[in-house]
Amino acid sequence: ELPDEIDLLVSETLSSVIFGFASWDALPDLVARVPKGGRVVPARGKLNAALVSKDVSRRGPSRGGLKLLGDMGLKLDLFDVTFRSGGNCWDKLGLLWEHLQGNLVTSEIASFDFARQPVITLEGGTLAAPHDDVFVGAVLYWAVDMIEGGDCTLSSIDPDLTSWSPLFVRFAAPVRLSRGETLPCAIGLEAVDHPYKYAIRLLSGEIPLTERLYW
């Protein structure tokens with residue numbers, strides 16, 4: 001239980017899709033208790049997405065920490081439950097270069113701003129195809145302003161700004177698009193009991209683009 005007025009609110013709620021760990025509906029309520037003149041860090045942010053024609057992640061139970069746990073004899077379903085449709089993009093320099101060259105065409109699909117109401121916006125956007133291709137998924141990355149009226153911005157696509165990696169999310173079925181053609185894309189929240197309060201999907205209108213993601 002927290003008091004009605006909060007002097008300092010510190011949270012580790014940023015995730016690869018901006019908000020994670022069941023904080024989608026908790027943060028606006030908590031921030032409403034910050035006294036007038038108080039600050040919230042980060043102050044605002046947006047989630048961007050871009051179509052990709054290949055899996056740009058490095059993922060799987062045979063790599064990294066999941067492999068280590070397996071080698072220790074600890075058999076977990078973490079990969080199947082959490083990472084089956086996505087993974088971190090480790091080649092951030094490559095992605096940043098593609099972004100700067102216009103080969104990774106990004107669009108805002110969600111945002112938050114603690115100085116406005118509603119705090120969180122999930123209206124979505126349209127993802128444009130940079131060339132004729134079959135697109136197997138999307139890269140998600142965020143950019144946040146740490147303080148109101150300040151000059152401190154972090155972005156998960158730029159390795160000079162943060163060590164956080166963008167997220168590759170695989171589509172349930174590949175999408176064929178011509179150059180300049182667009183695909184509507186938005187985040188849909190689904191109430192679940194485990195492992196977090198919400199799961200997410202990328203949606204194109206009412207049509208799911210991805211499997212359920214627990215992030």
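The model is a predicted one: local features need pLDDT of at least 70, side-chain atom pairs count only at pLDDT 80 or more, and totals for chains, interfaces and linings use all residues. Residues are numbered from 1 along each chain as its sequence is written, and side-chain values use heavy atoms, with hydrogens and water left out. The protein chain has 4 helices and 13 strands. Helices (H or I, at least four residues) and strands (E, at least two) are DSSP runs, numbered from the N terminus.

**The chain as a whole**

- Buried residues make up 43% of the 215 residues in the protein chain. Here buried means under 20% relative accessible area, exposed means over 50%, and partly exposed lies in between (1.4 Å probe, protein chains only).
- Accessible areas come from the Shrake-Rupley method with a 1.4 Å probe, and for residues only the protein chains shown count as cover.
- Among contacts between residues at least 6 apart in sequence, 71% join residues at least 24 apart. A contact means heavy atoms within 4.5 Å.

**The nonpolar cores**

- In soluble globular proteins, nonpolar side chains tend to be buried together.
- A nonpolar core is a set of buried Ala, Val, Leu, Ile, Met, Phe, Trp, Tyr and Cys residues joined through side-chain atoms within 4.5 Å.
- The largest nonpolar core has 39 residues, of which Leu47, Ile109, Leu140 and Leu202 touch the most other members.
- Several elements each supply at least two residues of this core, including helix 1 (26-31), strand 3, strand 5, strand 8 and strand 12.
- A second, separate core of 11 residues includes Cys89, Val139, Tyr141 and Phe168.
- Leaving out residues up to four places away in sequence, Leu202 touches a list of residues that includes Ile109, Leu140, Val169, Cys185 and Ile207.

**Strand 3 and its partners**

- Strand 3 is largely enclosed by the rest of the structure, because 7 of its 9 residues are buried.
- Strand 3 pairs with strand 5 in the antiparallel sense over 7 bridges, and strand 3 also pairs with strand 8 in the antiparallel sense, over 9 bridges. Two strands pair if DSSP finds at least two bridges between them.
- On the strand 5 side, Arg44 stands opposite Asp113; on the strand 8 side, Lys46 stands opposite Ala143.
- Ala143 is part of strand 8 (residues 133-145) and counts as buried because its relative accessibility is 17%.
- Beyond its neighbours within four places in sequence, Ala143 is in contact with Arg44, Gly45, Lys46, Leu154 and Ser155.
- The C-alpha atoms of Ala143 and Leu161 are separated by 9.8 Å, and these residues are 18 apart along the chain.

**Salt bridges**

- There are 5 salt bridges, where a salt bridge is a side-chain nitrogen of Lys or Arg within 4 Å of a carboxyl oxygen of Asp or Glu.
- Asp113 forms a salt bridge with Arg44, with the closest N and O atoms 3.3 Å apart. This pair links distant parts of the chain, as Asp113 in strand 5 (residues 106-113) and Arg44 in strand 3 (residues 44-52) are 69 residues apart.
- Asp113 counts as buried at 13% relative accessibility, whereas Arg44 is partly exposed, with a relative accessible area of 23%.
- Asp55 forms a salt bridge with Arg170, the closest N and O atoms being 3.1 Å apart. Asp55 sits in the loop between strand 3 and helix 2 and Arg170 in strand 10 (residues 167-177), 115 residues apart.
- Asp55 counts as partly exposed at 29% relative accessibility, and Arg170 counts as partly exposed at 29%.
- Glu190 forms a salt bridge with Arg201, and their closest N and O atoms are 2.4 Å apart. Glu190 lies in strand 11 (residues 182-191) and Arg201 in strand 12 (residues 198-204), so the pair ties together parts that are 11 residues apart in sequence.

**A nonpolar patch on the surface**

- Leu68, Met72 and Leu74 form a nonpolar surface patch, with about 310 Å² of accessible area together. Patches are made of residues with over 30% relative accessible area and no salt bridge: like charges are joined within 9 Å, and nonpolar side chains (Val, Leu, Ile, Met, Phe, Trp, Tyr) within 5 Å.
- Leu68 belongs to helix 2 (residues 64-71) and counts as exposed because its relative accessibility is 51%.
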